[in-house]
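Take a minute to turn the model around on your screen before reading on. Then let's walk through it together, from the whole chain down to a single residue.

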Amino acid sequence: MENLNITVEILKNTDDLWRLENAFLKDIGENEMTLERFRQLAEAVAAEKILFFGARKSGRLIGMCSVSPCFSTFACKACGVFDDFFIYPEDRGCGAARQLVNAAREWCKANDYAGLLVGCSCPDTAMYQSLGFDTELGVMLAANL
């Protein structure tokens, strides 16, 4: 998958994931991951509970997204939850976001997923719609446990 010197790959290197996750958390105003939380994330990746895609521009890692499987009782098969969407600010606007979303969608299709879902804040809705998340399913809410 390549466009404008952008390639997308499934991230296997935990050092890459560590750097991207911490840059993502900093960008949204959160604290960096502790080593314990990152260990838990790495275990989830190894157990295929979550899959990360990385975008590279001219070989340099510039962004990521993740897909976590869940089961849809409506479709009676797996669907994916799209999350951890991040492009370094200086690399935004180069097509990496679209490449990441397309890679996640194609992976879901290839693995017979019913769909790809995203929960987002109201200000991000138009961006996600422009990236192909165009079917409204209502409002996603969370309960802290």
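Predicted model: local features only at pLDDT ≥ 70, side-chain atom pairs only at ≥ 80, totals over all residues.

The chain has 4 helices and 6 strands, and along the sequence they come in the pattern β-β-α-α-β-β-β-α-β-α. Its radius of gyration is 15 Å, close to the 15 Å that the globule rule gives for 145 residues, so the chain is as compact as a globular protein of that length. Some whole-chain values:

| Item | Value |
|---|---|
| Buried share of the 145 residues | 36% |
| Share of contacts with a separation of 6 or more that join residues 24 or more positions apart | 58% |

Now zoom in on helix α1, residues 14–27. At the start of α1, a side-chain oxygen of N13 comes to within 2.7 Å of the backbone nitrogen of D15. Just past the other end, G29 has a positive phi of about 80 degrees. Several residues of α1 are buried, among them L17, L20 and F24. What covers the buried ones? The cover includes α2, β3, β4 and β5.

Finally, look for D91, in the loop between β5 (77–87) and α3 (96–110). Is D91 buried or exposed? With a relative accessible area of 4%, D91 counts as buried, because the cut-off is under 20%. Leaving out residues up to four places away in sequence, D91 touches K57, R60 and I62. With R60 there is also a side-chain polar contact of 2.6 Å.

Terms used: Residues numbered from 1 in each chain as written. Heavy atoms only, no water. Helix = DSSP H or I, 4+ residues; strand = E, 2+ residues; numbered from the N terminus. Buried < 20%, exposed > 50% of the residue type's maximum accessible area, 1.4 Å probe, protein only. Polar contact = N/O pair within 3.5 Å; in protein donor to acceptor, adjacent residues only side chain to side chain. Contact = heavy atoms within 4.5 Å. Rg over C-alpha atoms; globule rule 2.2 N^0.38 Å.
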